[in-house]
4 protein chains.
Amino acid sequence: MQYRRLGQSGLQLSALSLGAWATFGSRIGRGEARELVAAAWDHGINFFDNAEGYAHGDAERIMGDVIGDLRLPRDGYCVSSKVYFGSAAEPRPTQRGLSRKHVRDACHAALRRLRVDYLDLFFCHRPDPDTPVAETVWAMDTLIRQGKVLYWGTSEWPAERVMEAADLARKHRLHPPTMEQPEYNLLHRRRVELEYAPLYGELGLGTTVWSPLGSGLLTGKYNDGIADDSRLGQPAYAWLRELLLEDTSRLERARAFTALASELGVAPAPLAIAWCLRNPHVSTVLTGASRVSQLLENLQALELLERVDTSAWRRIEAVTRER
Amino acid sequence: MQYRRLGQSGLQLSALSLGAWATFGSRIGRGEARELVAAAWDHGINFFDNAEGYAHGDAERIMGDVIGDLRLPRDGYCVSSKVYFGSAAEPRPTQRGLSRKHVRDACHAALRRLRVDYLDLFFCHRPDPDTPVAETVWAMDTLIRQGKVLYWGTSEWPAERVMEAADLARKHRLHPPTMEQPEYNLLHRRRVELEYAPLYGELGLGTTVWSPLGSGLLTGKYNDGIADDSRLGQPAYAWLRELLLEDTSRLERARAFTALASELGVAPAPLAIAWCLRNPHVSTVLTGASRVSQLLENLQALELLERVDTSAWRRIEAVTRER
Amino acid sequence: MQYRRLGQSGLQLSALSLGAWATFGSRIGRGEARELVAAAWDHGINFFDNAEGYAHGDAERIMGDVIGDLRLPRDGYCVSSKVYFGSAAEPRPTQRGLSRKHVRDACHAALRRLRVDYLDLFFCHRPDPDTPVAETVWAMDTLIRQGKVLYWGTSEWPAERVMEAADLARKHRLHPPTMEQPEYNLLHRRRVELEYAPLYGELGLGTTVWSPLGSGLLTGKYNDGIADDSRLGQPAYAWLRELLLEDTSRLERARAFTALASELGVAPAPLAIAWCLRNPHVSTVLTGASRVSQLLENLQALELLERVDTSAWRRIEAVTRER
Amino acid sequence: MQYRRLGQSGLQLSALSLGAWATFGSRIGRGEARELVAAAWDHGINFFDNAEGYAHGDAERIMGDVIGDLRLPRDGYCVSSKVYFGSAAEPRPTQRGLSRKHVRDACHAALRRLRVDYLDLFFCHRPDPDTPVAETVWAMDTLIRQGKVLYWGTSEWPAERVMEAADLARKHRLHPPTMEQPEYNLLHRRRVELEYAPLYGELGLGTTVWSPLGSGLLTGKYNDGIADDSRLGQPAYAWLRELLLEDTSRLERARAFTALASELGVAPAPLAIAWCLRNPHVSTVLTGASRVSQLLENLQALELLERVDTSAWRRIEAVTRER
């Protein structure tokens, strides 16, 4: 396994990480989750990503049980949570958002569900227009000083809001945000490559990117339409399906990518992940594998990163370029 | 239910809240308190207001028992306490006021009585001329950093003292006050509307207003004098009775208001509450209902807020104007 | 009882307080200590002074047991400790002084002996030439933020060292010292009246003065020499005896004072205490009474403060003036 | 025993201290460790040095058990740990280094192994090029404010990195480093005497020096080669053996020193230790004695410090000077 620093911080994360989104507590049960975590750990993955909102807290409960069961050494792995969406099916107003109250409550609830003393990473899952950034920065700093959180960050925040948080932290001598969790893949590049560009140098921001396979499009499995038993075929993901298909150029670019992968003789999924890892500002790529076989395939990305040559990467860029 | 931010903070309070003053532990017992809290919660009320001084701590003890009993989710409701008057019948000098000692002791005692880990809101119930504001601000900040209090504020402080506290907090990088709890109703408007005016913009101050019914005058129940079995008829409230009747214009204005309410075909109590809610600087209105039926009537304020038209509001202002 | 603010802080101490020095754990046992504390409390005394060094910690152990036994309400009384001399008979180097280690250890040990969660007042019993003032100020501030100490101060520090501590606190935004515990009586006035003069206004310093009776000289009991069964007659106090008798003018002035008290028809002890209380910079006077009868006599100081007229005070000043 | 302040701090350490490196948990077992600690304590030694990396944590486990067993008073002795190398045989990336995560985890693990509530001294065992100094300084400061560490410092850091840490601490109002643990002996002087020279005055840095005997060379035991049953003869120390023998001038200078010691009629080991103690910037010298007899011999350094005259010291300097 390759390890990378989380931005300019001292935390070393595995280049590939295991995310719980849309799998733990929904598409897979405790048994499969345990096999996944065990396999990930055995292959050197040391970051397990989660959020209060994944499966209404069940994703964290299962992950906490599995990690506890496997007796992984607490200092050897990192676990995250995210605050914003709440874990209740119909959250009351104080059960979501980034107020001091919910940041505090969400942290404590995640600690209980994950069965740990501290969260390694704690993300603001979205910006909250109804809470001043200063209130959230203070709340995060308090949790860090209390030893309940090590590094705090954001997910899908506009660059200027991240900058505002960092400026406030500097001014009040509080802990600044350390990382962002943005979507990043061949079909969705702008935010990571352009919008956040100033943040890497100025703040030393790290990124833990999600959706490296473009919600599955880059595996080629939707090349011929969306099967009912696929993730995107499920009613719960109708919103995501529509979003993806709205822009038909995305599916075309995905088809071109998978055709090229086939020509190069490599599996498209690890190739798409390897492409993410070529960006030095990516600290780790989250994979949402639901089966061990998938995870193992994704791990081939590390070899591809060495093996695929420059001209091939150039062709990949060319066929997936936005038009 | 409508929810509003507590000033510019990220905390969302229900527009109507349930206060324990003069009811919990005095006029109503555990059974009625339980029914009240349950009904309030079912109708979306998420803030339960209390103070060390209400019924010498019994108001908090009962509220804590009732909330614990009903198993309300801790992250879904807010509870407050206030420090200043002490809970002892005859407090020793260190058992009241805003010294670091009493702020600390009062917080811990309220946590025990209310059976919670933290107070959402903690108020300085009155200004304490014998304690420097800086000492109180430091003490509140320490409680916030220890996770025992989320937001601190004041109650019935002169505007310049609130401003002094905020300035000290800014200078020393401490948590500033977030809210005030002033009296506010059709017969008592000056402080909220004029004195505090600069605080809303500059400090983002929220208000949790009390006595929306003018100690009952605006319900019309004292239009023909004070019955012995009413709250104001009780010996313990003699001081309040005298204060109210001193200024006879208040009773006249209250009579004019209730007459107009009758003409408009609406109950006077929810109308008086709705009037408070028309002020955007009011974060929540506390109701001191002692029966569920009263609470339900008060909740009609939310509809009235939509239904009553501008000309009616203008007439209400006209008949209640101070002369 | 009269109560006074501890300097400009918000803490209200009784004008007379009970000290444990040279009595608790040495000249009196648990039973007498219990009677003394009970009588003091019944007469409104709310401050019980102690130190790690008094009777090698036994003074604190006995006081803690007695207060616990009497079930005094924690928010109604104040208790102090002092760090510097250590509690061991032959302290190891880290078991004394004002290093961060000993400040921390001494606080925790005092909390255990006194059976409380926090110390109201915590004094640096002497300046420590081998520890930078900054280290001690930081250590005290940390204890305050942890909720283990409320107010910290010094005892018998030169004025400029107190000022240095306050300056450091201001510069680093730490809690400054709140009080001093100096010797003060008719025969020993310079430090409180002259040396500390600038500290009252600039820092709002309070004082908890000790030895109001000049080690007993002002009671007249040594007018005719030192009896073997008196405190000064005991071998352990040989050092103090010598110190007092060295300067023979002190005994002469004490004789003049007691003669005048007799002429005025009042007991000399409460008169000497009342004299201390006439100084508005004295927050409280510690009495080291070893019997309830003595304590009651001392408490007469409060009446004398009202009763004795200006001309009498002038005569007292005249006969005790240093020559 | 002689005691010295740790730099300009208020902590008093014995001039000689007992280190656990290369003995506890490797060359000696619990029984011998217990005898060593007991003898050290009886002779006034009050500092026991350790690190997470010594014998993979066993050195700390044994020391904790032994100190607990002997019931040494917690306020009478100091114990240290060091973070950087990890305690696992093959540490995962987050199980070593100076990231906030490992600093926190290492501290908690050391507290458990040593069976104490706080570490007196906590060292960064080496500089970590992959962690910003600021992250480590904040992490150490947080541990100090939480009461888990008293003084933090570094070991074998370049002077400019120590200065950078102190500057950051000053700027952010955090606790600066208090001490360094460098190698120091007659054969290895440059860092302590030249490189660190500016740090003593500007930062008040203290030093807890290790290897006063030059890995044994200055005892003369390797004068005629390295025996298989000596420390340097063991396979695990092959790296150290090679390092020492690489520079043959070291062995020559060691031979000259032991010859001179013999001429002076004193044992070479305590003489080499006494030489270290002549440097006023040395706060304490660590001895890694593995037998009580060795410890007792080392303790003779204190007498030699008084007894050996200036001309003898000059001759020692002359024969050991680097060429």
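The contact between the two chains takes 21 residues from chain D and 18 residues from chain A; two residues are in contact if their C-beta atoms, placed from the backbone, lie within 7 Å. Residues are numbered from 1 along each chain as its sequence is written, with chains lettered from A and ligands numbered from 1 in the order in which they are written. The model is predicted: local features need pLDDT of at least 70, side-chain atom pairs count only at pLDDT 80 or more, and totals for chains, interfaces and linings use all residues.

**Exercise 1.** Describe the side of chain D that touches chain A.

*Step 1.* Helix 3 (100–114) and helix 4 (133–145) of chain D each supply at least two residues of this side. Helices are DSSP runs of H or I with at least four residues, numbered from the N terminus.

*Step 2.* Helix 3 of chain D gives the largest share, five residues.

*Step 3.* By class, this side has three nonpolar, nine polar and nine charged residues. Asp, Glu, Lys and Arg count as charged; Ala, Val, Leu, Ile, Met, Phe, Trp, Tyr, Cys and Pro as nonpolar; the others, Gly among them, as polar.

**Exercise 2.** Find how chain A is related to chain B.

*Step 1.* In chain A, the C-alpha nearest the axis belongs to A:Gln146, 5.5 Å from it.

Methods
Least-squares fit on C-alpha atoms with pLDDT ≥ 70 in both.
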